[in-house]
Amino acid sequence: MDVLQKTESLSTALDWASLKLLLPHGIIAAVIVLLMLAIAIKRNHFSATLISTAGLISASVVASIQLVSQLLAANDAADRIFVTPLFAVDSMSVFFVSLLCFSALAIAISAYAYFSRAQEAKEEFQLLLLLATLGAITLASANHFASVIIGLEMLSMALYGMIAYRIHMTNGGAASLEGAIKYLVLSAVATATMLFGTALIYAESGTLVMNELSSGTASPILIAGFVMLIAGVAFKLSLVPFQLWTPDVYQGGPLPAVAFLATLGKVAVVAFLIRLLLISGLLTVYAMWQLIALVAVASIIIGNLLALRQTNLKRLLAFSSVAHMGYLLVAILSSSLSTDSFAAALLYITVYSLLSLGAFSCISMVSSSEAEVDELANFAGLFWRDPWLAAAMSLMMFGLAGIPLTAGFIAKFKVFFVGVSAAEWGLLIALIVGSVIGLFYYLRVIFTMLMQSDSEELLAELIPLRIVDLDSTGLVIVIAATSVAVLLLGVYPEPVLQLMDRVATGF
Amino acid sequence: MNEIPLEAGLLLATILFAIGLLGVMTRRNIVFVLMSLEIMLNSAGLAFVLAGARWGSADGQIMFLMILTLAASEVAVGLGLIIQMYKKFKTVDIDVLSALKG
Amino acid sequence: MSILWILLILFVGGVVAWISEAINKQLPRWLALSSVILAMLPLVSLMDGGDDISSAWLSSLNTAWIPSLGIQFSLAVDGLSLLLIGLTGFLGIISIASAWEEINSRVGFFYFNLLWTLAGVVGVFTAVDLFLFFFFWEVMLIPMYFIIAIWGHENRKYAATKFFLFTQATGMLLLMSLLGLAYFNWKATGVLSFAYEDLLAVDLAGDVERWLMLGFFVAFATKLPSVPFHSWLPDAHSQAPTAGSVLLAGVLLKTGAYGLIRFTLPLFPNASSEFTPVALTLAVISILYCAKLALAQTDLKRLIAYTSVSHMGFVLLGIYAWNLIGLQGAVMTMLAHGLSAAALFSLAGGLQGRLHTRDLRKMGGFWLASPKMAVTAMFFSIAALGMPGLGNFVGEFLSLLGVFSVSVSAAAIAALGMILAAVYSLWVMQAVFQGESTATSGLQDLNRREMLAYGAMMFGLLVMGFFPNLFLVFSDSAISGLLSLDQLVAVAKGRW
Amino acid sequence: MFDSLGLLPFLPFLGFLILFLSGGGLPRRIVAVVGAGSIGLAFLQALLLALPVIENDSLVSQQVIYSWMSVGEFESKFGLYLDGLSSVMILVITGVGFLIHLYSTGFMRDDPSYSRFFAIMNLFVSSMLVLVLADNLLLLYLGWEGVGLCSYLLIGFWYSNPSNGYAARKAFVTTRVGDTSMAIGLLLLFTQLGSLNIEELMNGAETQWGLGSGYAVAASLLLLGGAVGKSAQLPLQTWLPDAMAGPTPISALIHAATMVTAGVYLIARTHTLFELAPDVQLLVAFIGLATLLMAGFTAMTQRDIKRILAYSTISQIGYMFLGLGVGAWSASVFHLMTHAFFKALLFLAAGTVILSLHHEHDIFKMGGKRKQLPIAFASFMIGSLALAAFPFTSGYFSKDEILLAALAIEGPGLWLWIGGVVGAFFTGIYSFRLVFVVFFGESADHHDDKEVTGFTMAFPLMVLMVFALLGGFIHPPTDFVFSVEEAHSEHSVSTLIHAIMIAVPLAGIGVSYLFYGARLWSADRLLEYSLAKKLHGYWFSGWGFDALYRGLFIKPLLGLADLNRRDFIDSIVATIVAVSEAGNGLLVRFQSGSLRWYVLSVVGGVAILLTLGGLL
């Protein structure tokens, strides 16, 4: 109970009212148990999915309601409730929880279509997904390093399983295994590094509670601790120089797992990072700022360059995620207008996960657990065979490239905006250079889909299109919903911008 | 009290961490890699215990317990994967896992 | 309101044209044609004074769009925009005409892209919120990218990507600059706004102004294009389908010039004024260097593309003359070049459609087989080389006249471009139409539809050449208004 | 209605429009009626307009049709202006023009592009009228370029032969060089004087610029550039001989009678400006002198009947320039007029010869044709006499005036005069060389070619013969325009001078007779001397200007074009792409797939960050 004693100044009472704030976590935890039982009783892919989606829907709805009430309650002053020292419930955590739940919901739905043709044990995927989601939302609302570790590891552990999920497939099983082992080993190294860093921080500052952290007196050990902690985070966000694992894991893992990794895996860590940086005031230490800026610039340039000639779509998206995390860091780094840059970062990560979800869903549309279609060449002429799918995919690519009419533009615009406001010209130049290189490969994807399919060699590589049947209805809905959201945000972003502003000021 | 200085303890932890790292980097047998990971995690645990001792708080020990659990589950999943790997590749040499690249 | 109608008709028309393909393959082109014509009708109401009496604009529209970023959906038309929208509409019709037979696959989608490009361009010409301007600026690229990438020629991937990358890369600089501008306005006034008229009032420190101006300039100079940002254009033009080339050369290039006139000069008067020698030098280099390059080309469309760059140099020249004559010359050159270049590209496209090559070395002696085409080509070549009596001359002469009082050497050297223009224009005529007729003598002459289109363009150039006042009167008030802005007057006083 | 100046250029333009829009669909007879008729009507109207001016040369009529372009303080009106000078010009243009059109109806009768021919001819006349009637320089420039365009189109009229196309382009581009200079002159004039109206300009120049002012020098030099180009004077003379590729009536109308004299007109029109810059004016004289001598030498060596005439045209315009240079404005215009008569006559006659001899151009393949081609022979005799300034023919009076005016100039006047007289000697030689070779001696071939003739072709020749003979008695009503006391009326000129000036051309004719008529002397024997041969070759090639320009401009330009065909700026872009791809290639190598390497990189990354964290 030492922990509690040290943080007595905070509202520590574990009463029902504050526990209610963790309702989304509770719902998902309960559903996990329920699902486990259900699977034990009778295996049924549909009902397993139904249970997990139902859980995720209710968690999302609850989180959204919480978000709305939080925003309505929080006018200007930060309104933060600590549920035990482990969790902080504030506008940001609620926002992230709802974002994570919605994303998980989308992935759960698309996973159903993906696994619908698999022969054996496909129900556990939903279980792992729920576990990982629980880890993610725990991480997003963590206020104590203990909960950070719990959240992070719950997320990672479940992801190992999800990535390795295709292990029994004759076609791609080895890749799945390779990806999982690589991720496991590297992730463990990163976790160890992070833990060691945390220990150093603890040794210097004497606290494990984030909102008590301060980097005011920067001793070498403290800085070393923070550097190691940030390195661990950078690994999870696959920032340069820790990006090497990303493409391999993306390529090896089954699509829903990769989509999860690319969205929730990033969003939750970003939530932690933002909380860490904003609370600890780490960015005011110029050395740290420079370090992170360096990482950001390197990620933008190197990530984009790596994707330049990539012909595997999943690897391409992996490299592009490296760059996008770099863009995100630009927003975080431009914190001279802190709420604004915070809002920009929130918007960016939201839009990024939206676009990633859309892109992976589009690939899922032509893939299944039996056969993944992820080579760019397979998409040749898609425009003429399945215009809607190709249009959705193009939309996502344009969005990732930051072209107007899509949400990607608004997000990038906002990043530019805070960058200009903070006069971070160097970062902006990197952002421009990176965007231009990025555009090149996104356009390549679009162009490939535009290719006229009348040449013989192309026809040979063509993939059979998935017929929109009962199994894939959910996936179609996900694609449609993300597309509409991307367009809507691109044309009329005002409500979302305001939401982000409110979340940011409420923090 | 005749305390061991914190710095010395941290140095030990760091050395352990480095040994673990070296193991992960150099061992080709994946079982040894997992063992090296254990060493790394434990070195972090040691550091936590030391730090907790500095502040006279139990937090460090709690964290150590958590790390133990974490390491255990990590190894559990890891071993599961190793079995699958052996089934597929008939080897536990980590270098066979380099099909995905570029 | 009428501006909104133009945009809406084009946007909706595009969608309708696309959908209509399912009903009938012929339908999209008719629908596209009628929407462009319909979209131009509101212009007529603007010609006599407009519907907005309260301001300097002929017509304007202003509603909140993204208030949290201070962004408004605000459109306005003055004489300059009016002329350029008119040009857009006219060339829109021409491009539909030139696509009539050339585009046979995915017809609906083609006309969708075409109309959306037009809509984007109209948006660019009318937006008076800088964010909105940037929005349209980018939006017009996407359909154009599709036009080149889908219906282009053999090397279309390279060309389309290059086109998109160039404009995007420099577009980012523009974005950065306009954000900087908004930021400094925000810092000074506490109001976040992207409105043109608010930003006009921003007082910038010298260095800041210089850098921001550069961002604007580079973006617009790329679109114009001017050396050294021109190299996307020959590829884009030569690979685009005819309608694409027509729109690119006729309309899209003009957005760059429009941007310079509407934004770069008034927003950054001091920096632009300092920049004048550089801009004039670039203009002169564009004129001569690209004329020289044109001489070396064997690809007909590439050649015309280089001549386009050369002619747009006169626009840049006129703009940086900083006086009414020069700017009016620039406007006139924009209009006239719009028609003449569009016609030349159209002809090149027509030749390619008939011969399946753009290689000059495989052409020759087509006069005998297709005299109408030859005479048409002769007309537009002559227009391009600056024959008095045709629009291009008026523009180029006024540009030179305007710039002469600023820089005698720039005007004098640029005038040498007129000699080179004669050299390449006539050389092309010789290579294609004169000389002994080659094996491909069965060249089909222009048909009635083509004659109508070319006839309209010839008529337009003649009217511009002989009655330039009909056009100049529209832009006169806009440009005089621009030049009488306080800050520009101050700068002008400083110059002389 | 017929007193409207605007109608004058409009009539031929209407003809052009009808012919152009009909697209060659009209029957030949109607084409001929429209083509020649419109010019005929224009001539009648020109007479109507010019007669009052001839009676009273101070009469000036003006008409502004509309404001062409106005931007701020710049305004150029579509305004026409008729005074003594332009009266002469319009009469020559429409008169000679009508005759040539009439001739062409016969000459071109077998050509498939009959309608196109007349369309462009009409357009030419229209442009030329605009040129001479324009009240401002910009409008003049419109006409100026218009005639250049028509000249281009007509030189390359037979487009299927690439060399014709080449000649046409050469003509256009070369004159364009001059035109550009002139355009810059316009810019200068407007910028300095605030107007392009010729009257205002001249007044402004007189009041604002002093004698010898730098602006006046620059402006007049720039205008001179235009004039030199259009009138084929040194150094831009090379295009005219090649321009003979066009149909012969074109050569007569455009490249002899009217367009090429536009430069003379321009200088005469802006003579105030040149008077303010005496150095430039003197330069005009020397250009004229050099050109007339150069062309005279060359004309003596040519074999092509049209090229001989072309060089003689260059030479005669040289005289006009000489006259302009010495301030004999009226004399120059007078010579312009007489030259129009006799040179048009010569060309048309040459056309008859060529047509009759099945497109034979080489004079040495003709011979003894005076019986076969009587009308051509008569025309050539009279034309050549006038050309050689045989006493009391038209050429005699005009050339006389110019030379006397030159003599009256202090300083270099004597030299100019001597040069002019030498030139006249050569004129005598080359003009009669042509006559003797073609019409006398033995027939080189034994064909019995009939003269192609007919009313339409013979009538213009007759009329022109009359004018070539008697045109010298017409006094152009230009005294008021130039407001000068005519210099030649002074009595100080001695009879010796007169005698020389009469004798020299006769001597030239005599020499020519000895060589080619009586064949007492032989040019071939002269050519056995190496020096003479070299000179001959040199002269024959027009003093090597073509080769010079080829080496000086065309080759470097082509070389330059070749040098950077692919645009090195584009290769910068390509370099950026290549660098990015190389970067990609390098970076991708790190993605080796080896887990141990990945761990190493994580460790390395942490180490780098720690080090950097420590350093920063």
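Two residues are taken to be in contact if their C-beta atoms, placed from the backbone, lie within 7 Å. On this basis, the contact between chains A and B takes 36 residues from chain A and 37 residues from chain B. Three elements of chain B each give two or more residues to the side that touches chain A: helix H1 (6-26), helix H2 (30-55) and helix H3 (59-89). H3(B) supplies the largest share, 15 residues. By class, this side of chain B has 26 nonpolar, six polar and five charged residues. Here Ala, Val, Leu, Ile, Met, Phe, Trp, Tyr, Cys and Pro count as nonpolar, Asp, Glu, Lys and Arg as charged, and the others, Gly among them, as polar.

The model is predicted: local features need pLDDT of at least 70, side-chain atom pairs count only at pLDDT 80 or more, and totals for chains, interfaces and linings use all residues. Residues are numbered from 1 along each chain as its sequence is written, and chains are lettered from A and ligands numbered from 1 in the order in which they are written.

Chain D has 26 helices and two strands (DSSP runs, numbered from the N terminus: H or I of at least four residues for helices, E of at least two for strands). Its C-alpha atoms fill a box of roughly 110 × 60 × 60 Å along the principal axes. Of the 616 residues of chain D, 58% count as buried, with 20 or more other C-beta atoms within 10 Å of their own, C-beta atoms being placed from the backbone. Among contacts in chain D between residues at least 6 apart in sequence, 81% join residues at least 24 apart.

An automatic or database assignment sets the domain bounds. For chain D it gives domain 1 (278-521) and domain 2 (566-615). The centres of these two domains of chain D, taken over C-alpha atoms, are separated by 82 Å.

Technical notes
Buried ≥ 20, exposed ≤ 12 C-beta atoms within 10 Å, placed from the backbone.
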